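Grab a pencil and work through the exercises below.

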Amino acid sequence: MELLIQLALNGLALGALYALMAVGFALIFGTTKIFHFAHGATFVLAAYTYYAAVSEAGLPVAFALGLCAAVALGFGLACERFVYRPMLRSESASLTIFVASFGLFIAAENAVILVFGSSYHTLESRLSRALQLGPFAISPVGLCAIVASATILGALEFFLARTYTGAALRAMADNPELVRMIGLNRYYYAKVAFAVGSLMVVPAAVLSVYLSGLSPQSGAWITLVAIASTIVGGVGSLYGAALGGIVLGVAQNVGIWRLPASWGEGIAFGVLLLFLLFRPTGLIHVFERR
Amino acid sequence: MTSSKWLRSLLVGALSVLASAMPLTVSAQDYSIGVIFPLSGPNVVYGETFSKGVDLAVKNLNESEELPHRIKTLYEDSRALPQPAIIAMNKLVNVENVPFVISAFSGVTKAIAPIATRRKVLVMNGGGVSPELAGLSPYLFNDIPLVNDEISALLPYVTSKLHLRRISLIYVNDPFGQGVLGVFSAQCPKLGCEAIPISISPTASDFQAEVAKIRSAKSDAVFIASYGQQQNVILKQLRDGGINAQLLSYSGIDLPDTLRLPAAQGLIFTVENVDLGSDDPITKKFNESFRAVYHSEPSFYQVNYYNAVVLFAACVKRLVAKNQPVTGENLLQALREIKTFNVVGGTVSFQPNGTVRQAIQIMKVVDGQPQPLAVVK
């Protein structure tokens, strides 16, 4: 039983990171209807920027965090302004936009390989060493992941519920045509969605560097997790995406309680398959929320 | 200038530029050997390490003019994966017609072995250590002891001297890792120890769940059967996760960057016992030239790959003396006839299953450097 609780704790920390990635993806997809596959590339670029700033340039952590946020923000906004917006203006099909996004992802991944190589990198920190809490162990970085995720999701909820821009984003998600008819600039709000969604990647990327290390290939897994969390949670629901991320993180860990550890990823996606078959609307049905 | 003359001048000019830009082609007189290493991907660090041994041997042999023609290496990238390795091997044997290929990594060597048998090309593996490589093909030779020899040396030592009984085995789920698991399963019951197997994917980088399982198993030791940078991530996450058990591993962990990690301190691992202090001319030449060219101390991997080229040269010399062409079949015949070779670190001979028999050295990492604990013959 101790092992099961320990695995659940690990799953919660991992799920918190997945939730941040998933909510960023779901926010962009929900408001713009753009399947931003390159969201994983934002994660990889942010993580490598932080790694290079701290490990290779020896910059202070606060400065590295700022640099990391600037890169994530810059990449997200550049995708929106120079790739998706021209395609939307020329009324490209969703599949074409998806292929462009996929191309962006591959190009960014290869750029990272070119600069940093394709090996794994990790950062040493006292904060990644586990604290013993009775029979259980959790690292301060794992606790940080849970606290950061809860704080950021709370702040996002406040932003969406209590600000004019947040209300406009929700309106975009509900009825983009109506938003255009009442004179709001949908490209401006798409830019805001990309900015907020891309910034949400930053804590997940930085904490992952300490928790599990990074490799250029990790972006593909992260994108898959973000997509799967959005589906498991319920397409269109940000709460659902967050919950989906936590469910996948916990399933990936708890699932190996009695099974070989290499089954973790398979179990997580088995959960996705079960949802697609038996509850395709996800954990939180978007219509139930309205 | 008429338009036809102008076009002709342009064509000649373009051809001259092309000819000057093209790399030097392999002379028909050269002895071409294929090299299939990971030159990209997460295991590129091994490719870089191994190629230093091959390149140095080729340089030294070409400068010595011991052979009537120069040796030319044709590198192909395997990314340490079977599928690209098969493409590389097909190119080397079908297009380049090489009679001799140097390989690394168990999965890669296992994948190219059937092609070697079919096309009668001699393959020398100096890095893959899966027990499955023994006797895999009459054309496959391993100038590195396989991991079963390493574990057979390590397990009696750690069970009798260090009294480690419960050993968690974290292994990559591929031919190499499965080979390691097989050796543990066979040997642990005889030695009174218990192996707790935990398989991982070759591309995994998050081992929090595995660490939780190891902590729960209350193991005395953890044996890491992985390779490349993944080993670094495992070491860090084991120590970060509060695992204080004795860490054990095999020769694949003997990479300077890995041994310098704080998490690697106290690690016990095995390597083949190579006497680099020997004063025979081949070893002296290797030591001197390695330090002169690379400004560092050689690893045993670099010795293996240097020796792979030395073995090829010895076989070629024999064929030249007998006025026979250098083909894979003739190289195999020469290798069987010579039996014992003078190489870096002394002499070497192959067992009937194509693998060298060598003493194993047990090492412990102290202050980032491997220190010898014992030699098992």
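Buried means under 20% relative accessible area, exposed means over 50%, and partly exposed is what lies in between, with a 1.4 Å probe and protein chains only. The model is predicted, so local features need pLDDT of at least 70 and side-chain atom pairs count only at pLDDT 80 or more, while totals for chains, interfaces and linings use all residues. Residues are numbered from 1 along each chain as its sequence is written, chains are lettered from A and ligands numbered from 1 in the order in which they are written, and side-chain values use heavy atoms, with hydrogens and water left out.

**Exercise 1. Sort A:Thr96, A:Phe102 and A:Gly183 by accessibility class, and place each in chain A**.

Step 1: Start with A:Thr96, which lies in helix α4 of chain A. Helices here are DSSP runs of H or I with at least four residues, strands are runs of E with at least two, and both are numbered from the N terminus. A:Thr96 has a relative accessible area of 39%, so call it partly exposed. Its C-alpha atom is 10.0 Å from that of A:Tyr84, 12 residues away along the chain.

Step 2: A:Phe102 is also in helix α4 (residues 94-116) of chain A. With 36% relative accessible area, A:Phe102 is partly exposed. From A:Phe102 to A:Gly142, 40 residues apart along the chain, the C-alpha separation is 31 Å.

Step 3: A:Gly183 sits in the loop between α7 (176-181) and α8 (186-199) of chain A. Its relative accessibility is 60%, so it goes down as exposed. A:Gly183 and A:Val115 are 68 residues apart in sequence, with 44 Å between their C-alpha atoms.

**Exercise 2. Describe how α2(A) packs against α9(A), then against α3(A)**.

Step 1: Two packed helices are described by the angle between their axes and the distance between the axes. Axes are lines fitted to C-alpha atoms, for helices over the stretch in contact, and angles run from 0 to 180 degrees between N-to-C directions.

Step 2: For helix α2 (residues 39-56) and helix α9 (residues 201-211) of chain A, the angle is about 55° and the axes are 8 Å apart. That makes α2(A) oblique to α9(A). The cut-offs: under 35 degrees is roughly parallel, over 145 roughly antiparallel, 65 to 115 roughly perpendicular, and the rest oblique.

Step 3: The crossing of α2(A) with α9(A) is right-handed; that is the word if the near helix is turned clockwise from the far one by less than a right angle, and left-handed if anticlockwise.

Step 4: Now the contacts, meaning heavy atoms within 4.5 Å. The residues of α2(A) that meet α9(A) include A:Phe43, A:Ala47 and A:Tyr50, and among those on the α9(A) side are A:Val201, A:Ala205 and A:Tyr210. By class, this contact has 10 nonpolar, three polar and no charged residues. Ala, Val, Leu, Ile, Met, Phe, Trp, Tyr, Cys and Pro count as nonpolar, Asp, Glu, Lys and Arg as charged, and the others, Gly among them, as polar.

Step 5: Turn to helix α3 (residues 61-89) of chain A, which packs with α2(A) at about 155°, axes 8 Å apart. So α2(A) and α3(A) are roughly antiparallel. Their crossing is right-handed. The contact of α2(A) with α3(A) divides into 14 nonpolar, two polar and no charged residues.

**Exercise 3. Find the parts of chain B that the pair B:Phe37 and B:Phe50 ties together**.

Step 1: Rings of Phe, Tyr and Trp (its six-membered ring) pair if their centres lie within 6.5 Å; planes under 30 degrees apart are stacked, over 60 edge-to-face, and the rest tilted. There are 32 aromatic pairs over all chains.

Step 2: B:Phe37 and B:Phe50 are edge-to-face, at 5.4 Å centre to centre with 70° between the planes. B:Phe37 lies in strand β1 (residues 31-37) and B:Phe50 in helix α2 (residues 44-64) of chain B, so the pair links parts 13 residues apart in sequence.

Step 3: Both B:Phe37 and B:Phe50 are buried. They belong to one aromatic cluster, whose members include B:Tyr46, B:Phe176 and B:Tyr305.

**Exercise 4. Look at phi for B:Asn97 and B:Lys218**.

Step 1: Most residues other than glycine have a negative phi.

Step 2: B:Asn97 has a positive phi of about 55°. It is in the loop between α3 (82-95) and β3 (100-103) of chain B.

Step 3: Phi of B:Lys218 is also positive, near 50°. B:Lys218 is in the loop between α7 (208-217) and β8 (221-225) of chain B.
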